[in-house]
Amino acid sequence: MSSGKILVAQGGGPTAVINQSLAGVVLEARRHHGIQRVYGARHGVRGIVNEDFVDLTQETSHNIELVAGTPAAALGSTRDKPDLAYCREMFKVLRAHQIEHFFNIGGNDSSDTVRIVAEEARAAGYPLRCIHIPKTIDNDLVLNDHTPGFPSAARFVAQAFAGANLDNAALPGVYVGVVMGRHAGFLTAASALGKKFPDDGPHLIYLPERVFDIERFLLDVKATMERYGRCVVAVSEGIHDASGTPMLVKLAKDLERDAHGNVQLSGTGALADLLCEEIKAKLKIKRVRGDTFGYLQRSFVGCVSDVDQREAREVGEKAVQFAMWGDRDGSVAIKRTGFYSADYELLPLEAVAGKTRTMEDEFIAACGTDVTDAFRLYLRPLLGSGMPDAFRLRPNAVPKVLNPEPSR
């Protein structure tokens with residue numbers, strides 16, 4: 001006999017629009033009369049193992065809408081990366097609570113978790129529909145045009161570099177901004193959308209898809225300083241040398257690692273500081289400043305793409321529709337149609353789970369330190385409406401009296 005229960009969870013790094021996907025699931029589920037209860041797992045998969053659920057059926061639609069417009073993960077998230085044993089414990093809980101539909105909002109690891117749980121349910125002959133809902137600011141889910149969360153984070157990065165460029169133009173020197181992205185450089189590349197005039201920064205963009213050489217980097221900075229009298233640099237936290245060793249590992253003495261043994265690239269200003277030190281020491285430039293955007297780019301209030309909001313809501317809605325009207329598990333994917341509009345399809349979980357997308361070659365300039373027009377055309381519609389603009393004074397110089405310029 002049908003229980004009419006569904007469970008939704010959020011996993012991985014929060015984003016500015018992940019709660020739109022949550023709202024999409026909850027509100028769309030209420031439209032289907034077969035759904036009796038909508039549960040939410042607190043702090044993702046860990047909440048499932050701990051049976052830490054909340055009944056979202058009792059939430060008012062008005063409050064769900066208010067939460068939808070609030071950044072970060074309303075249910076709480078986790079960095080747990082479930083293995084087979086962990087997923088089996090999850091399945092025991094889902095079965096005990098008679099959950100019929102499981103929705104997991106997240107990135108690569110979340111999709112793999114859904115895949116394992118779905119396989120466990122099939123092996124046990126238990127009727128559980130499992131749907132992965134895409135989310136990641138890294139934009140690194142394969143077979144997706146882009147991923148909810150990325151456009152809003154990209155909007156923040158573009159605006160932040162536009163501001164850093166204006167600051168750098170007023171007080172010239174070298175500015176280095178480090179952006180999230182361990183393997184995929186989409187977010188760092190978004191800095192290019194902050195440019196308006198040909199001499200605007202970022203003048204140099206370094207992505208993990210290309211080998212980083214510290215000596216070449218210093219030559220690039222030197223040449224840019226000679227050309228413009230200043231230099232704005234966008235750097236992905238995941239830049240690495242020819243052997244694949246992260247530059248942070250090569251330059252830093254003390255390293256932090258996360259729960260999975262990965263070098264802690266975010267949450268520390270080490271890479272920006274170390275690159276700035278190299279510039280000061282080797283190029284003898286006095287005014288050198290660096291920032292690490294860190295968590296700021298993920299859930300910044302007031303810097304949200306309306307396109308991202310809409311699509312994040314729709315992937316949640318489509319997940320429920322696929323679950324209720326389809327007859328298979330899967331991962332919801334965004335597909336681009338026309339100049340810009342989006343459609344959705346359900347991909348097999350094994351096609352997405354555990355795989356990482358990186359920036360396509362067509363998006364990276366031949367020089368390796370810039371993006372192409374193809375990337376600008378790809379990203380611009382995703383940033384949404386109302387992007388702020390910057391203007392300059394016209395250079396109407398007044399002739400000098402005491403030290404007139406020699407006539408030519």
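In this predicted model, strand β10, covering residues 330–337, is joined to β11 by 7 bridges, and the two strands run antiparallel. One of the pairings can be picked out by residue: I334 has Y344 in β11 as its bridge partner. Both strands belong to an open sheet of 7 strands, whose order reads β3-β2-β1-β4-β5-β10-β11. Pairing in this sheet is mixed. At the edges sit β3 (53–55) and β11 (341–347), each of which pairs on one side only. Going from neighbour to neighbour, the strands are turned by 25° against each other on average, with direction ignored.

There is also an open sheet of 4 strands, and here the pairing is parallel. Its order is β7-β8-β6-β9, with β7 (204–206) and β9 (288–292) as the edge strands, each pairing on one side only. The twist from one strand to the next averages 15°. Within this sheet, β6 (residues 174–179) pairs with β9 over 5 bridges, in the parallel sense. G177 stands opposite D291 of β9.

Helix α6, made up of residues 150–170, lies across β6 and β8 (231–236) and runs at about 170° to β6. Helix α10, residues 270–283, lies across β6, β8 and β9, and its angle to β9 is about 165°.

Helix α6 turns up again around the second largest pocket, where it gives the most to the lining, with 8 residues. That pocket has a volume of about 450 Å³. Its lining counts 25 residues, and the closest to the pocket centre are A162, G194, K195, K196 and D389. Sorted by class, the lining has 13 nonpolar residues, 8 charged ones and 4 polar ones.

The loop between β8 and α9 (247–251) holds A242. Is A242 buried or exposed? Its relative accessibility is 71%, and exposed means over 50%, so A242 counts as exposed.

Technical notes:
Residues are numbered from 1 along each chain as its sequence is written. This is a predicted model: local features need pLDDT of at least 70, side-chain atom pairs count only at pLDDT 80 or more; totals for chains, interfaces and linings use all residues. Side-chain values use heavy atoms; hydrogens and water are left out. Two strands pair if DSSP finds at least two bridges between them. Axes are lines fitted to C-alpha atoms, for helices over the stretch in contact, and angles run from 0 to 180 degrees between N-to-C directions. Contact means heavy atoms within 4.5 Å. On a 1 Å grid over the protein atoms alone, a cavity is a set of points where a 1.4 Å probe fits but cannot get out, and a pocket is an open set with protein on both sides within 12 Å along at least five of seven lines; lining residues have an atom within 4 Å of a point. Grid points are joined across faces, edges and corners, and a volume is the space filled by probe spheres set on the points. Ala, Val, Leu, Ile, Met, Phe, Trp, Tyr, Cys and Pro count as nonpolar, Asp, Glu, Lys and Arg as charged, and the others, Gly among them, as polar. Buried means under 20% relative accessible area, exposed over 50%, partly exposed in between (1.4 Å probe, protein chains only).
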